[in-house]
Amino acid sequence: MSAQVTLQIEGQPERVIPLGAIFSIGRGSNNDLVLPDGRASRNHAVIRLQGDHAYCLLDLGSSNGTLLNGRRVTIPCTLKNGDVIQVASGTLRFESAEAAAPTERAPEEAQGDMRTEVAFTSETVSILVVDIRGYTTMSEKLSAEVLSRVVGRWFQQAQDVIERHGGSVDKFIGDAVMAFWLKARTEGDRRHVVGPLQAAQDLLALAEKFDSELAAETSSLLRFRIGCGINCGQAILGNIGVDARRDFTAVGDSVNVAFRLEKLCKEIQRPLLLSEEVRKAAGDAFAFEDLGPQKVRGKARDVRVFSIKPTESTAEAPH
């Protein structure tokens with residue numbers, strides 16, 4: 001989906017800015033849109049193209065917040081045509097144009113238009129789904145300013161963790177994030193399962209840090225907890241475009257199982273659950289705990305579920 005924003009700043013002419021895969025906004029000079037305004041944070045917000053081909057707006061824990069159609073952004077929001085974003089003195093109107101249906105063209109014409117290339121393949125991938133526990137309660141108990149700052153920083157740092165371990169964020173869905181790792185062609189390469197397992201462990205440690213900071217900042221009994229589900233299997237992987245930032249998305253039953261495992265975390269009071277496929281592919285890289293067959297919604301047969309043996313911090317409280 002092609003998209004652009006029309007920028008309006010009082011006393012300046014309007015500007016139309018095309019959007020790429022990532023469009024960063026803030027006071028710092030490293031941003032795509034630099035707002036020299038003291039009300040803007042150094043790294044304030046991001047408009048990001050997701051795996052489902054929709055654009056998503058994320059506030060990065062800014063001090064003064066990001067408004068979408070007059071309401072403060074607290075979790076990633078999918079943008080619709082005509083949405084109005086307010087960051088400090090800048091007003092941005094989001095405008096999208098769905099790609100036209102493909103038409104049959106001569107081979108030489110198709111070769112010349114590489115920007116519209118679409119390809120789908122079946123690949124082995126590992127899927128990690130991470131969800132904030134008790135978000136509804138948090139949204140009721142915390143002010144919009146505190147909630148936006150905490151959740152915005154969480155998503156920014158969670159994405160950093162995932163990418164540091166070789167994963168790709170596919171999409172943000174409300175208070176959840178989905179990421180995937182593609183299996184390498186090299187025989188015996190286990191990075192596609194080691195990556196999400198290591199990322200999940202680091203995310204659980206990061207959640208503990210956020211929990212301590214939330215308690216100190218709010219003096220409340222609210223807890224910052226997450227649940228992680230990991231599965232490995234075949235998925236339909238698609239890409240659109242040919243530049244350095246291709247847009248990938250993964251779909252299929254293996255993706256659905258990862259979401260189901262994340263939901264199961266809450267039911268059986270575990271912060272991290274993984275499938276037998278992940279356990280087999282990982283070999284002896286981790287100390288696993290066999291939790292036996294579990295009923296998973298949408299599956300006719302029980303699914304054998306594993307976890308990584310908990311450390312003191314992850315075992316301290318139910319998630």
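Start at Gln269: this residue follows helix α5, and its phi is positive, near 60°. The model on screen is a predicted one.

**Helix α5**

Now colour the buried residues of α5: Ser254, Val255, Val257, Ala258, Leu261, Glu262, Leu264 and Cys265. When looking at how they are placed, keep one point in mind. An α-helix has 3.6 residues a turn, so residues three or four places apart point the same way. In α5, Ser254, Ala258, Leu261 and Cys265 are among the buried residues.

Next, select residues 303-308, strand β19. The strand is mostly covered, with 5 of its 6 residues buried.

Which strands pair with β19? One is β17, residues 272-275, which runs antiparallel to β19 and is joined to it by 2 bridges. Another is β18, residues 288-294, also in the antiparallel sense, over 5 bridges.

Show Phe306 in β19 and look to either partner strand. Leu274 stands opposite Phe306, and Asp290 is a bridge partner of Phe306 as well.

**Asp59**

Move to strand β6, residues 55-59, and select Asp59. Which side chain of opposite charge is nearest to Asp59? It is that of Arg72, 5.8 Å away. Asp59 is buried yet has no salt bridge. A salt bridge would need a side-chain nitrogen of Lys or Arg within 4 Å of a carboxyl oxygen of Asp or Glu.

What the side chain of Asp59 does reach is the backbone nitrogen of Gly61, at 2.9 Å. It also makes a polar contact with the side chain of Ser62, at 2.6 Å.

To see the rest of the surroundings, show His44, Ala45, Gly65, Thr66, Val73, Ser148 and Gly152. Asp59 touches each of these, with residues up to four places away in sequence not counted.

**The whole chain**

Finally, zoom out and select the protein chain. It holds 7 helices and 19 strands. Of its 319 residues, 48% count as buried. Contacts can also be viewed by separation along the sequence: among those between residues at least 6 apart, 58% join residues at least 24 apart.

Terms used. Residues are numbered from 1 along each chain as its sequence is written. This is a predicted model: local features need pLDDT of at least 70, side-chain atom pairs count only at pLDDT 80 or more; totals for chains, interfaces and linings use all residues. Side-chain values use heavy atoms; hydrogens and water are left out. Buried means under 20% relative accessible area, exposed over 50%, partly exposed in between (1.4 Å probe, protein chains only). Helices (H or I, at least four residues) and strands (E, at least two) are DSSP runs, numbered from the N terminus. Lys and Arg count as positive and Asp and Glu as negative; His and the chain ends are not counted. A polar contact is a pair of N or O atoms within 3.5 Å; within protein, one must be able to donate a hydrogen and the other to accept it, and residues adjacent in sequence count only if both atoms are side-chain atoms. Contact means heavy atoms within 4.5 Å. Two strands pair if DSSP finds at least two bridges between them.
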